[in-house]
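Subject: Structure for your review: charged side chains

Dear colleague,

Please find the structure below, together with its sequence. My notes on its charged side chains follow.

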Amino acid sequence: MNRFVARRLCVNVYGLRVQRRNLCSDEAAKVAATSDSGQKSNGEVKQSFTNNDHQYDVAIVGGGVVGMALACSLATTPLTKNLNVAIIDSNPALVKRDCIKKEDPPDPRVSTVTPATISFFKGDYLTLIAYMGALITKDIGAWQYIEQHRHAYFDRMQVMVWDYTGLGYTRYNARDVNKEVLGCVVENKVLHSSLLSCLQNSDFRKTIYPSKLISMTLQPSSSSTGVDNTSATALFTKRHLAKLELSDGNNLYAKLVVGADGGKSRVRELTGFKTTGWNYSQNAVICTVEHTKENHCAWQRFLPAGPIALLPMGDKFSNIVWTMNPENSKDCKSMNEDEFVQTLNHALDYGYGPHPKSSSWGATGMFSWLGRDVTISANESFEVPPKVVKLASERMVFPLSLKHANEYASKHVVLIGDAAHTVHPLAGQGVNLGFGDSLALSRIVAEGIAVGTDIGEVSLLKKYEAERKPANVMMMAVLDGFQKAYSVDLGPLNILRAAAFHGAQYIPFLKRNIISYASGEQRLPLP
Amino acid sequence: MFPKLLMRQLRFLRNRPLLNLRFLSDTSTTPSQSCNSTITPNKLHNHSPSSSLNYLELAKFSAIADTWWDSQGPFKPLHAMNPTRLAFIRSTLCRHFRKDPYSARPFEGLSFVDVGCGGGILSELFLSSITISPMKPLARMGATVTGIDAVENNVKIARVHADLDPETSTIEYCCTTAEKLLEEQRKFDAVIALEVIEHVADPAEFCKSLASLTVPNGATVISTINRSIRAYAAAIVAAEYILHWLPKGTHQWSSFLTPEELVLILKRASINVKQMAGFEYNPLTGRWSLSDDISVNFIAFGTKIPR
């Protein structure tokens with residue numbers, strides 16, 4: 001449902017690293033050789049670059065799905081495909097190509113990708129313009145790789161969201177907005193390896209550093225000025241680049257550093273961007289479960305302790321994202337499997353009163369004055385989620401928090417994805433906001449290149465911030481509002497919530513707008 | 001009521017030191033005239049900056065350059081204008097030279113000259129032409145760029161700054177004038193003179209020099225300010241006296257050219273103006289955009305008629 005940034009173990013595959021390093025210096029030598037035709041003067045400077053420090057146009061710190069999506073997007077946009085990009089991530093999956101086999105156990109971490117993201121991946125030009133007002137002329141082409149693996153469109157997809165009090169429910173159908181799908185659930189490892197394949201099959205100049213970022217210098221201090229002329233020149237040359245020091249001893253210089261390193265972003269910390277946010281006193285329990293038959297519907301039930309969601313993953317598998325208070329999450333992790341499945345089924349279906357009924361309040365009639373164009377799903381009745389028969393993966397527990405960087409951009413540095421914003425997983429929007437960031441950034445970098453701007457120029461990067469911040473803040477506010485509305489169990493409020501559900505279920509324009517907003521069209525769910 | 005307020009405002013501003021004169025005063029040692037007389041095909045480009053400038057000078061110029069080129073610094077609105085002008089230049093020149101607009105370096109193989117303050121511009125006011133000059137962006141777009149300026153310190157500062165980026169270190173800077181360049185029989189595929197013509201003594205002669213520098217069927221791009229009431233209010237009263245984007249006295253309203261006059265003098269210099277656009281500033285977003293309104297700032301693209 002959401003993307004959880006697992007703190008990756010720094011696996012230090014020594015042999016691999018050495019091999020990589022050789023490759024890197026070769027690359028740098030090549031770059032140096034090609035780029036200094038007609039400037040013999042800077043020979044010494046180039047020499048010093050070829051040793052252990054390399055120059056790049058863009059350094060993406062964090063090769064997770066959002067960082068890789070940015071790389072893919074840059075690789076496929078005509079204006080940016082000639083950029084020289086470094087990707088810094090200690091995740092061994094980036095260097096070692098392991099195929100994902102169909103019979104492999106499903107990854108408990110999944111992402112719900114919205115139609116906007118799907119068209120970003122497919123490079124569906126027209127749809128993209130409709131969704132983002134964006135102009136990407138070539139596909140990033142990662143979707144074809146995803147389609148080779150397990151994924152599940154919620155095609156006849158219905159999202160059943162209901163209140164535990166049994167007073168209200170709402171059901172969305174893709175056909176309400178004349179679309180085929182409302183989204184697709186993809187395992188994170190599938191998403192990641194698809195983006196990696198996409199990148200590796202392009203002739204993009206990229207270097208992957210299986211390493212971690214130690215420190216970053218944006219403006220080298222003038223106190224370290226050398227006395228001799230060569231070092232002075234070198235200093236002036238490097239002054240307008242950000243310097244990154246990596247844990248494997250490599251030093252990189254880049255015009256633009258992209259922080260795509262997740263919620264605990266090192267780039268954000270090193271740049272000194274402040275964040276605003278709070279911890280929800282909630283943990284999410286994530287696991288994969290198996291049913292007796294295939295499921296095509298996504299379900300979400302709002303329980304007093306937090307929402308529980310069941311997302312179809314294809315092949316009878318579903319993903320569970322269950323939000324609860326920290327003590328209960330510990331119990332859930334420690335209890336045995338049968339017990340857990342039993343508790344899970346109970347949480348999905350029972351307790352807290354009857355199932356909501358479509359006829360309660362005679363609601364269809366009540367809102368009929370709003371127009372005859374009743375949405376298809378308004379007449380569909382409540383469905384009980386399918387029974388879980390067994391657990392298919394380990395149970396993972398993540399604490400939940402909201403965090404938003406006050407700034408996304410400064411000279412040479414920009415934040416994307418979870419590094420800029422972490423949200424509550426309740427509508428699976430986190431990773432989609434991140435993809436939105438990647439798309440916007442690559443477009444703005446292309447715009448900058450078109451008019452010959454330095455891509456580390458702060459005025460250019462602020463344009464990205466101005467575009468993404470309002471969209472992200474809006475989504476965060478909506479999700480946080482949901483979370484807050486459900487953290488109180490009070491009679492009148494429960495009725496209010498139920499009324500809201502009825503509104504969302506039966507008022508056609510409201511419903512369409514909610515679906516559009518959740519699909520990644522950047523509008524408020526209100527007209 | 002309003003004029004009185006305005007007067008008070010102006011009186012107040014007059015007492016304040018001009019922010020750019022402060023850091024210019026310690027470098028503006030070379031008067032522009034002396035440089036004109038020395039015939040300097042001063043191709044600093046072939047030397048490393050350290051050989052032509054000593055280290056102290058380098059540091060000093062670099063400090064000035066940093067302030068000028070800081071896009072968030074005192075000249076922010078002027079910097080903001082550059083991408084808009086370049087968008088116009090890029091699209092018209094891509095079409096004219098039949099280059100792929102989706103390429104990152106569409107002007108590869110073309111030679112451009114950016115004519116700085118060619119005529120008798122005040123020596124203190126050299127900052128605007130180099131700071132917001134389109135040379136560096138054009139060099140990033142693949143063009144072989146030559147930048148000329150009559151003020152030697154200008155050229156040095158520009159050199160230091162261009163060397164910071166390997167992509168722009170190929171720019172050739174010359175301390176010379178358009179006329180001098182002409183004597184050297186230099187020709188360029190495109191000649192660009194942005195916000196310069198309003199500072200030259202004889203615009204018609206200047207246009208003739210520009211035309212002679214252009215190869216037949218080459219392109220000429222000129223931007224300037226219209227001689228309109230709105231331009232007086234915007235470019236002189238607002239930009240110089242109220243907002244302090246430019247030092248007072250930068251522009252003389254009487255030396256501005258109307259678009260009709262520009263088209264005419266270019267025609268006489270055998271350049272056909274093919275396209276014209278205006279610039280519009282949005283004070284809320286701080287962004288410039290291209291528009292059809294040419295009543296204040298405007299840019300013209302023309303082609304040289306082959307003889």
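In these notes, buried means a relative accessible area under 20%, exposed means over 50%, and partly exposed is in between (1.4 Å probe, protein chains only). This is a predicted model, in which local features need pLDDT of at least 70 and side-chain atom pairs count only at pLDDT 80 or more, while totals for chains, interfaces and linings use all residues. Residues are numbered from 1 along each chain as its sequence is written, chains are lettered from A and ligands numbered from 1 in the order in which they are written, and side-chain values use heavy atoms, with hydrogens and water left out.

Side chains of opposite charge can pair when their charged atoms come close. A salt bridge is counted where a side-chain nitrogen of Lys or Arg is within 4 Å of a carboxyl oxygen of Asp or Glu. Over all chains, the structure holds 16 salt bridges.

Arg443(A) takes part in two of the pairs described here. Its relative accessibility is 11%, so Arg443(A) counts as buried. One partner is Glu467(A), with the closest N and O atoms 2.6 Å apart. Because Arg443(A) lies in helix α13 of chain A and Glu467(A) in helix α14 (residues 458-486) of chain A, this pair ties together parts that are 24 residues apart in sequence. Helices here are DSSP runs (H or I, at least four residues), numbered from the N terminus. Glu467(A) is partly exposed, at 29% relative accessibility.

The other partner is Glu447(A), at 3.8 Å from N to O. Arg443(A) and Glu447(A) both belong to helix α13 (residues 430-450), where they are four residues apart, about one turn of the helix. Glu447(A) is partly exposed, with a relative accessible area of 35%.

Within helix α14 of chain A, Lys469(A) and Glu465(A) are likewise four residues apart, about one turn of the helix, and their side chains form a salt bridge (3.8 Å, N to O). Lys469(A) is partly exposed at 23%, whereas Glu465(A) is buried at 9%. Salt bridges with shared partners join these two residues, Glu407(A) and Lys462(A) into one network.

In chain B, Arg90(B) lies in helix α6 (residues 76-96).

Yours sincerely

Conventions:
Helices (H or I, at least four residues) and strands (E, at least two) are DSSP runs, numbered from the N terminus.
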